[in-house]
Amino acid sequence: MPNFFKNTILTIVFFITISAFAQKGKELNIQSDIEQIDEAKYPGAIVMYKSTKQVYIQHEGIEMWCDLAFNYKDENFVRAIGNVRMNQGDTITMRSNYAEYNGNTQFAWASGGVNLRTPTATLDTDTLYFDRIKQQAYYRNSGTLRDTASVINSKIGRYFLDQDKYSFVQNVVVTNPEYVINSDQLDFYSESGIAYLYGPSTITSDASIVYCERGYYDTRNDNGYFVKNSRIDYDNRTVYGDSLYFDRPTNFASATNNIRVIDTANKSIIKGHYAEVYKAKDSVFITKRAVAITVQDQDSIYVHGDRLVVTGIPEKRIVRGYYNVRLFKSDLSGKSDSIHINQQTGLTQMIGKPILWSGLSQMTGDSIHLRSNTVTEKLDSLHVFKNAFLAKQDTIPLSDTPSKRGYNQVKGDDLYGTFLDNKLHQLDIIKNAESINYMRSDDGVLQGIDKSKSASITAILENNELVEITKWRQVDGDVFPLSKFEKEAREFPGLNWRGDERLLTKEDIFKGEAPFTLTKIEGIPLPEIEEDFFDNTIPDNKLGIPSASQLDPSDFKNREEDSPSIGLPVNDKATIKQDSLAPKNPAKILKEQPPVKAKDSTQTEN
């Protein structure tokens with residue numbers, strides 16, 4: 001016989017053998033005290049009863065016990081009734097009122113008070129499917145999982161024995177003595193107690209509510225990591241960030257990239273790209289383009305520093321800013337080494353080389369205090385301590401020095417200012433007041449330079465322009481023409497004009513700083529959606545359902561409404577809901593997005 005035909009015959013025999021083996025598995029081994037056959041009542045079955053001990057069933061590494069069994073030898077199938085117990089090695093134990101087991105497909109179905117135990121958790125449901133070939137269990141009519149830390153309820157659940165992983169879908173609720181998690185889709189690893197949350201999810205406790213649309217939570221150690229629209233709500237503070245870390249035992253949270261901390265009690269917002277929140281201490285630390293925004297009608301105050309620290313309960317909130325502090329308001333801006341804001345008293349202290357600009361005028365001194373009215377929340381007054389200096393550059397170049405302009409100057413020991421309708425209205429220079437004023441006519445012609453000394457000086461401003469100056473108890477002074485006013489005397493000692501540093505917009509609080517790029521965040525990938533538990537492509541007549549089974553072909557169909565809504569299908573046999581926004585391409589690989597240039601942290605106030 002030609003080799004071609006020999007090989008063909010061998011191939012045919014081989015496939016017939018494999019097919020037969022697949023259709024007819026190893027025979028069930030069933031033992032009982034009492035057996036009987038009643039073809040009229042139970043056709044094709046050997047009825048096996050418990051007497052002193054339960055009926056015992058063994059097959060391919062699985063053991064079962066029950067009070068009553070119907071053994072269908074021709075179909076290699078058994079129905080077990082009453083106190084059913086099933087063991088697979090030392091991995092799982094299942095109890096139920098009723099069970100079926102198909103020796104050919106190694107498929108088990110249990111109903112009525114089903115209790116599945118693993119070394120790490122216990123699952124209770126009314127109906128459970130168990131595929132021993134896939135090593136997966138599945139329920140779709142609600143179930144409850146209990147592990148050492150939590151209780152998890154869901155409508156749909158699937159257990160992967162090889163990973164010790166549960167995938168829960170629809171109405172997932174994790175109940176812990178300290179918190180409750182609500183999610184539409186959650187993967188839980190029983191051995192480690194790690195839960196992955198997908199879709200809109202919340203973690204609610206007495207002290208906080210965490211929200212995310214993709215997250216990781218360690219149910220044993222009570223900490224988690226959250227990305228995608230994540231936030232933490234406290235009693236009077238909400239923290240937003242591209243990624244959030246949360247540790248419940250220490251009441252600590254940290255946030256990275258595009259952070260907003262909204263203080264509802266004090267109508268303030270803090271922004272930046274890294275933050276730490278200590279709930280027990282009622283404090284927030286924020287850095288990387290940190291900005292504190294105090295909302296005041298349509299004219300908010302912006303404070304920026306290398307780092308900002310907010311401490312204290314709402315009624316006694318303190319904001320501290322350190323290094324390279326900048327302050328901006330539509331008609332007022334400033335800089336200092338550090339800043340201290342007491343929201344209870346309304347006092348803002350600018351410390352270390354402070355400078356304030358009101359319109360084109362600049363104020364300097366050893367330190368500067370701003371005070372707000374805590375009732376109206378509007379600026380009320382300011383105080384420049386020691387070496388107070390008020391200067392404004394003249395508008396027209398000097399005729400004898402075209403490259404330069406003169407400076408209107410007032411100096412003294414202290415300076416007091418008052419605000420009217422949130423705008424600087426009056427300045428009082430107290431003690432040892434001196435002034436240099438370039439006097440011009442309405443058409444800009446220089447009429448003379450007034451230099452004088454007095455006990456104090458009062459200046460009135462309108463729309464940030466000096467409109468009136470009053471000298472009190474003048475002791476010395478004269479008006480000089482430009483030609484008679486020596487150049488060396490045109491500036492008081494201590495004048496340090498810094499007009500080019502003036503902040504003109506809220507974005508200028510970052511002026512001069514290096515371009516900022518966001519930190520690359522380690523994301524949480526979408527879950528891989530495994531092949532459906534049931535294979536819808538198998539024709540009904542090929543499912544191998546024994547004639548005595550209580551199941552029918554419709555029970556072996558995967559229903560789309562029971563499928564997860566978020567994930568990456570591993571192949572075309574893995575189903576997700578059609579309305580899901582997740583990619584449909586099988587085994588699509590998620591790629592990290594590169595860091596992008598940070599947007600201005602002040603762009604959105606709310």
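Student: Is Asp331 buried or exposed?
Tutor: This is a predicted model, and in it Asp331 is buried, with a relative accessible area of 8%. The cut-off for buried is under 20%.

Student: Which side chain does Asp331 meet in a salt bridge?
Tutor: Lys423, at 3.8 Å from N to O. The two sit in distant parts of the chain, 92 residues apart: Lys423 is in strand β35 (residues 423-440), and Asp331 is in the loop between β25 (318-329) and β26 (332-342).

Student: And Lys423, what is its relative accessible area?
Tutor: The value is 42%, so Lys423 is classed as partly exposed.

Student: How many salt bridges does the structure hold?
Tutor: There are 20. Another of them pairs Arg237 with Asp282, whose closest N and O atoms are 3.3 Å apart.

Student: Why does that pair tie together separate parts?
Tutor: Because Arg237 is in strand β20 (residues 237-247), while Asp282 is in the loop between β22 (268-278) and β23 (283-294), which puts 45 residues of sequence between the parts they join. Both Arg237 and Asp282 are buried.

Student: What about Asp450, which side chain does it meet?
Tutor: Asp450 forms a salt bridge with Lys471, at 2.5 Å from N to O. This one runs from strand β36 (residues 446-462), where Asp450 lies, to strand β37 (residues 465-480), where Lys471 lies, with the two 21 residues apart. Asp450 is buried at 14% relative accessible area, whereas Lys471 counts as partly exposed at 23%.

Student: Switching to backbone angles. What is phi of Arg289?
Tutor: Phi of Arg289 is near 60°, a positive value in a residue other than glycine. Arg289 lies in strand β23 and counts as buried, at 16% relative accessibility.

Student: And what is phi of Lys386?
Tutor: Lys386 also has a positive phi, near 60°, and is likewise a residue other than glycine. Its place is in the loop between β31 (379-385) and β32 (388-398). Lys386 counts as partly exposed, at 49% relative accessibility.

Student: Now the voids. How many cavities of 30 Å³ or more are there?
Tutor: The count is four. The largest cavity holds about 260 Å³ of space.

Student: Which residues are closest to its centre?
Tutor: Of the 23 residues that line the largest cavity, those closest to the centre are Arg158, Ser167, Val169, Ile529 and Pro564. The elements giving two or more residues to this lining are β14 (156-160), β15 (165-176), β16 (179-189) and β38 (528-529).

Student: Which element gives the largest share?
Tutor: β15, with four residues of the lining of the largest cavity.

Student: How do the residues of that lining divide into nonpolar, polar and charged?
Tutor: For the largest cavity, 10 are nonpolar, five are polar and eight are charged.

Student: And what volume has the second largest cavity?
Tutor: The second largest cavity has about 70 Å³. Its lining residues include Ser361, Leu390, Lys392, Gln409, Asn437 and Ile469. At least two lining residues come from each of β32, β33 (401-412), β35 and β37.

Student: What does the lining of the second largest cavity have by class?
Tutor: Six nonpolar, five polar and one charged.

Student: Zooming out, how many helices and strands are in the chain?
Tutor: The chain has one helix and 39 strands. The radius of gyration is 40 Å, well over the 25 Å from the globule rule for 606 residues, so the chain is more spread out than a compact globule.

Student: What does the C-alpha trace span along its principal axes?
Tutor: About 130 × 65 × 30 Å.

Student: How many of the residues count as buried?
Tutor: 51% of the 606 residues count as buried.

Student: Last one. Among contacts between residues at least 6 apart in sequence, what share join residues at least 24 apart?
Tutor: For this chain, 44% of those contacts do.

Notes. Residues are numbered from 1 along each chain as its sequence is written. This is a predicted model: local features need pLDDT of at least 70, side-chain atom pairs count only at pLDDT 80 or more; totals for chains, interfaces and linings use all residues. Side-chain values use heavy atoms; hydrogens and water are left out. A salt bridge is a side-chain nitrogen of Lys or Arg within 4 Å of a carboxyl oxygen of Asp or Glu. Buried means under 20% relative accessible area, exposed over 50%, partly exposed in between (1.4 Å probe, protein chains only). On a 1 Å grid over the protein atoms alone, a cavity is a set of points where a 1.4 Å probe fits but cannot get out, and a pocket is an open set with protein on both sides within 12 Å along at least five of seven lines; lining residues have an atom within 4 Å of a point. Grid points are joined across faces, edges and corners, and a volume is the space filled by probe spheres set on the points. Ala, Val, Leu, Ile, Met, Phe, Trp, Tyr, Cys and Pro count as nonpolar, Asp, Glu, Lys and Arg as charged, and the others, Gly among them, as polar. The radius of gyration is taken over C-alpha atoms; the globule rule is 2.2 Å times the number of residues to the power 0.38. Contact means heavy atoms within 4.5 Å.
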